[in-house]
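Please keep the structure in view while reading.

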Amino acid sequence: MEFYEDNKLVEKILQNINDDLKKELSEDRYKHSIGVMEKAEELAIIYGENVNKAKLVGLAHDIGKELSREEKLIYSKENNIEVDEIEKTNVGLLHGKIGADICKKRYGFTKQMQDAIEFHTTGNENMDLLAKIIFVADKIENGRIYKNEEKQKELEEARYIANKNINLALLSLLDMSLKYTILKKELIHTDSIKTRNKIILELRKFN
(Lines give C-alpha, C1' and ligand atoms only; values in the text may rest on other atoms or scores of the structure.)
Protein backbone atom coordinates (compact mmCIF):
# COMPACT_ATOMS: atom_id res chain seq x y z
CA MET A 1 0.00 0.00 0.00
CA GLU A 2 1.33 3.44 -0.95
CA PHE A 3 1.74 5.84 1.97
CA TYR A 4 -0.89 8.26 0.65
CA GLU A 5 -3.50 5.49 0.94
CA ASP A 6 -3.08 5.39 4.74
CA ASN A 7 -5.35 8.15 6.03
CA LYS A 8 -3.78 8.28 9.49
CA LEU A 9 -0.30 8.56 8.04
CA VAL A 10 -1.45 11.22 5.61
CA GLU A 11 -2.89 13.31 8.44
CA LYS A 12 0.41 13.04 10.28
CA ILE A 13 2.40 14.13 7.22
CA LEU A 14 -0.03 16.97 6.54
CA GLN A 15 0.55 18.18 10.09
CA ASN A 16 4.31 17.95 9.64
CA ILE A 17 4.11 19.94 6.41
CA ASN A 18 1.81 22.46 8.04
CA ASP A 19 4.24 22.95 10.93
CA ASP A 20 7.16 23.40 8.52
CA LEU A 21 5.26 25.92 6.40
CA LYS A 22 4.37 28.01 9.44
CA LYS A 23 8.08 28.26 10.24
CA GLU A 24 9.39 28.72 6.71
CA LEU A 25 6.79 30.82 4.88
CA SER A 26 5.24 34.23 5.39
CA GLU A 27 1.69 34.40 6.70
CA ASP A 28 0.28 35.27 3.28
CA ARG A 29 2.17 32.42 1.57
CA TYR A 30 1.02 30.03 4.28
CA LYS A 31 -2.61 31.06 3.76
CA HIS A 32 -2.16 30.59 0.01
CA SER A 33 -0.83 27.08 0.61
CA ILE A 34 -3.88 26.19 2.68
CA GLY A 35 -6.09 27.62 -0.06
CA VAL A 36 -4.38 25.55 -2.74
CA MET A 37 -4.75 22.40 -0.64
CA GLU A 38 -8.47 23.05 -0.26
CA LYS A 39 -8.99 23.83 -3.94
CA ALA A 40 -6.90 20.80 -4.99
CA GLU A 41 -9.11 18.61 -2.80
CA GLU A 42 -12.23 20.01 -4.48
CA LEU A 43 -10.86 19.41 -7.97
CA ALA A 44 -9.62 15.92 -7.07
CA ILE A 45 -13.15 14.97 -6.03
CA ILE A 46 -14.61 16.38 -9.26
CA TYR A 47 -12.12 14.60 -11.54
CA GLY A 48 -11.60 11.36 -9.61
CA GLU A 49 -7.98 11.94 -8.53
CA ASN A 50 -6.68 10.62 -5.20
CA VAL A 51 -7.72 13.21 -2.63
CA ASN A 52 -4.86 12.51 -0.23
CA LYS A 53 -2.27 13.07 -2.95
CA ALA A 54 -3.97 16.30 -4.01
CA LYS A 55 -4.05 17.61 -0.43
CA LEU A 56 -0.43 16.72 0.29
CA VAL A 57 0.89 18.24 -2.91
CA GLY A 58 -1.41 21.26 -2.72
CA LEU A 59 -0.25 22.09 0.79
CA ALA A 60 3.45 21.59 0.07
CA HIS A 61 3.70 23.02 -3.45
CA ASP A 62 5.32 26.34 -2.43
CA ILE A 63 7.61 25.03 0.31
CA GLY A 64 10.67 26.32 -1.56
CA LYS A 65 9.09 29.59 -2.67
CA GLU A 66 10.54 31.99 -0.12
CA LEU A 67 14.15 30.89 -0.19
CA SER A 68 16.28 33.83 -1.29
CA ARG A 69 17.75 33.98 -4.79
CA GLU A 70 21.11 32.92 -3.41
CA GLU A 71 19.59 30.11 -1.36
CA LYS A 72 17.77 28.76 -4.41
CA LEU A 73 20.96 28.71 -6.45
CA ILE A 74 22.96 27.10 -3.65
CA TYR A 75 20.26 24.48 -3.00
CA SER A 76 20.09 23.64 -6.70
CA LYS A 77 23.85 23.23 -6.95
CA GLU A 78 24.16 21.15 -3.77
CA ASN A 79 21.28 18.87 -4.75
CA ASN A 80 22.16 18.45 -8.43
CA ILE A 81 19.07 20.26 -9.70
CA GLU A 82 19.40 21.25 -13.34
CA VAL A 83 19.04 24.98 -13.95
CA ASP A 84 18.25 26.05 -17.51
CA GLU A 85 19.07 29.39 -19.12
CA ILE A 86 15.67 30.94 -18.39
CA GLU A 87 15.79 29.82 -14.74
CA LYS A 88 19.22 31.42 -14.40
CA THR A 89 17.59 34.70 -15.40
CA ASN A 90 14.38 34.15 -13.41
CA VAL A 91 15.59 32.21 -10.39
CA GLY A 92 12.13 32.31 -8.83
CA LEU A 93 11.02 29.61 -11.27
CA LEU A 94 13.32 27.16 -9.46
CA HIS A 95 11.03 26.95 -6.45
CA GLY A 96 9.04 24.19 -8.16
CA LYS A 97 12.07 21.96 -8.69
CA ILE A 98 13.42 22.77 -5.23
CA GLY A 99 10.07 22.11 -3.59
CA ALA A 100 9.81 18.75 -5.33
CA ASP A 101 13.25 17.78 -4.04
CA ILE A 102 12.47 18.92 -0.50
CA CYS A 103 9.22 16.93 -0.45
CA LYS A 104 10.95 13.82 -1.73
CA LYS A 105 13.55 13.96 1.01
CA ARG A 106 11.44 15.20 3.92
CA TYR A 107 8.09 13.52 3.32
CA GLY A 108 8.72 10.67 0.89
CA PHE A 109 6.63 12.08 -1.95
CA THR A 110 6.35 9.81 -4.98
CA LYS A 111 7.74 10.77 -8.40
CA GLN A 112 4.24 11.68 -9.57
CA MET A 113 3.77 14.00 -6.61
CA GLN A 114 7.21 15.54 -7.11
CA ASP A 115 6.39 16.20 -10.77
CA ALA A 116 3.16 17.96 -9.81
CA ILE A 117 5.13 20.32 -7.57
CA GLU A 118 7.84 20.89 -10.17
CA PHE A 119 5.38 21.51 -13.00
CA HIS A 120 3.16 24.01 -11.16
CA THR A 121 5.47 26.91 -12.04
CA THR A 122 5.63 26.73 -15.84
CA GLY A 123 3.53 23.73 -16.78
CA ASN A 124 4.93 20.74 -18.63
CA GLU A 125 3.81 18.89 -21.74
CA ASN A 126 3.86 15.62 -19.76
CA MET A 127 1.51 16.81 -17.00
CA ASP A 128 -0.89 14.16 -15.71
CA LEU A 129 -4.21 14.81 -13.99
CA LEU A 130 -2.66 15.44 -10.56
CA ALA A 131 -0.21 17.97 -12.00
CA LYS A 132 -3.01 19.74 -13.87
CA ILE A 133 -5.09 19.93 -10.70
CA ILE A 134 -2.22 21.47 -8.73
CA PHE A 135 -1.37 23.95 -11.49
CA VAL A 136 -4.99 25.08 -11.70
CA ALA A 137 -5.58 25.09 -7.92
CA ASP A 138 -2.51 27.27 -7.43
CA LYS A 139 -3.91 29.90 -9.78
CA ILE A 140 -7.58 29.89 -8.73
CA GLU A 141 -7.58 29.21 -4.98
CA ASN A 142 -10.23 31.31 -3.27
CA GLY A 143 -7.82 33.70 -1.58
CA ARG A 144 -6.29 34.89 -4.85
CA ILE A 145 -7.57 38.35 -5.79
CA TYR A 146 -6.26 40.76 -8.43
CA LYS A 147 -6.60 44.54 -8.28
CA ASN A 148 -6.64 44.63 -12.07
CA GLU A 149 -10.34 44.29 -13.00
CA GLU A 150 -9.68 42.57 -16.33
CA LYS A 151 -7.33 40.08 -14.72
CA GLN A 152 -9.84 39.40 -11.92
CA LYS A 153 -12.58 38.79 -14.49
CA GLU A 154 -10.33 36.30 -16.29
CA LEU A 155 -9.65 34.59 -12.97
CA GLU A 156 -13.36 34.24 -12.22
CA GLU A 157 -13.92 32.72 -15.67
CA ALA A 158 -11.12 30.22 -15.04
CA ARG A 159 -12.68 29.29 -11.69
CA TYR A 160 -15.95 28.52 -13.43
CA ILE A 161 -14.28 26.51 -16.19
CA ALA A 162 -12.19 24.53 -13.67
CA ASN A 163 -15.31 22.77 -12.40
CA LYS A 164 -16.23 21.72 -15.94
CA ASN A 165 -13.06 20.90 -17.84
CA ILE A 166 -9.58 20.81 -16.31
CA ASN A 167 -7.85 21.09 -19.71
CA LEU A 168 -9.82 24.18 -20.70
CA ALA A 169 -9.07 25.71 -17.31
CA LEU A 170 -5.37 24.95 -17.73
CA LEU A 171 -5.37 26.53 -21.20
CA SER A 172 -7.22 29.59 -19.94
CA LEU A 173 -4.73 30.10 -17.12
CA LEU A 174 -1.72 29.57 -19.38
CA ASP A 175 -3.10 32.13 -21.83
CA MET A 176 -3.68 34.55 -18.98
CA SER A 177 -0.15 34.09 -17.65
CA LEU A 178 1.45 34.36 -21.08
CA LYS A 179 -0.47 37.52 -21.91
CA TYR A 180 0.72 39.36 -18.83
CA THR A 181 4.25 38.00 -19.17
CA ILE A 182 4.38 39.41 -22.70
CA LEU A 183 3.01 42.76 -21.54
CA LYS A 184 5.83 42.94 -18.98
CA LYS A 185 8.32 41.96 -21.72
CA GLU A 186 9.63 39.09 -19.62
CA LEU A 187 11.03 35.78 -20.81
CA ILE A 188 8.55 32.96 -21.45
CA HIS A 189 9.70 29.51 -20.40
CA THR A 190 9.55 27.05 -23.28
CA ASP A 191 7.74 24.54 -21.04
CA SER A 192 4.75 26.90 -20.92
CA ILE A 193 4.61 27.08 -24.70
CA LYS A 194 4.95 23.30 -25.09
CA THR A 195 2.24 22.74 -22.48
CA ARG A 196 -0.14 25.13 -24.21
CA ASN A 197 0.41 23.47 -27.58
CA LYS A 198 -0.09 19.99 -26.09
CA ILE A 199 -3.37 21.01 -24.44
CA ILE A 200 -4.68 22.59 -27.65
CA LEU A 201 -3.86 19.45 -29.61
CA GLU A 202 -5.61 17.30 -26.99
CA LEU A 203 -8.69 19.50 -27.06
CA ARG A 204 -8.87 19.41 -30.86
CA LYS A 205 -9.06 15.62 -30.80
CA PHE A 206 -12.47 15.91 -29.15
CA ASN A 207 -13.84 18.65 -31.41
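Predicted model: local features only at pLDDT ≥ 70, side-chain atom pairs only at ≥ 80, totals over all residues.

In helix α7, M113, Q114, D115, A116, I117 and F119 are buried. The elements that cover these buried residues include α3, α6 and α8.

Of these, take α8 next. Helix α7 spans residues 111–119 and helix α8 spans residues 129–140; the two pack at an angle of about 35°, and their axes lie 8 Å apart. The crossing of α7 past α8 is right-handed. On the α7 side the contact is formed by Q112, M113, A116 and F119, and on the α8 side by L130, A131, I134 and F135. Sorted by class, this contact between α7 and α8 comprises seven nonpolar residues, one polar residue and no charged residues. M113, A116 and F119 of α7, which take part in this contact, are also among the buried residues of that helix.

Now turn to α6. This helix runs over residues 95–107, and its 13 residues should span 18 Å at 1.5 Å a residue; the C-alpha atoms at its ends are 17 Å apart, which agrees. Because ten of the 13 residues are buried, α6 is largely enclosed by the rest of the structure. A residue is called buried here when its relative accessible area is under 20%. The buried residues of α6 are H95, G96, K97, I98, G99, A100, D101, I102, C103 and Y107. They pack against α1 (7–24), α3 (51–60), α4 (69–78), α5 (85–89) and α7.

After α6 comes G108, which has a positive phi, near 75°.

Methods: Residues numbered from 1 in each chain as written. Heavy atoms only, no water. Axes fitted to C-alpha atoms, helices over the stretch in contact; angles between N-to-C directions. Helix = DSSP H or I, 4+ residues; strand = E, 2+ residues; numbered from the N terminus. Left-handed = near helix turned anticlockwise from the far one by under 90°. Contact = heavy atoms within 4.5 Å. Nonpolar A, V, L, I, M, F, W, Y, C, P; charged D, E, K, R; others polar. Expected span 1.5 Å × (residues − 1). Buried < 20%, exposed > 50% of the residue type's maximum accessible area, 1.4 Å probe, protein only.
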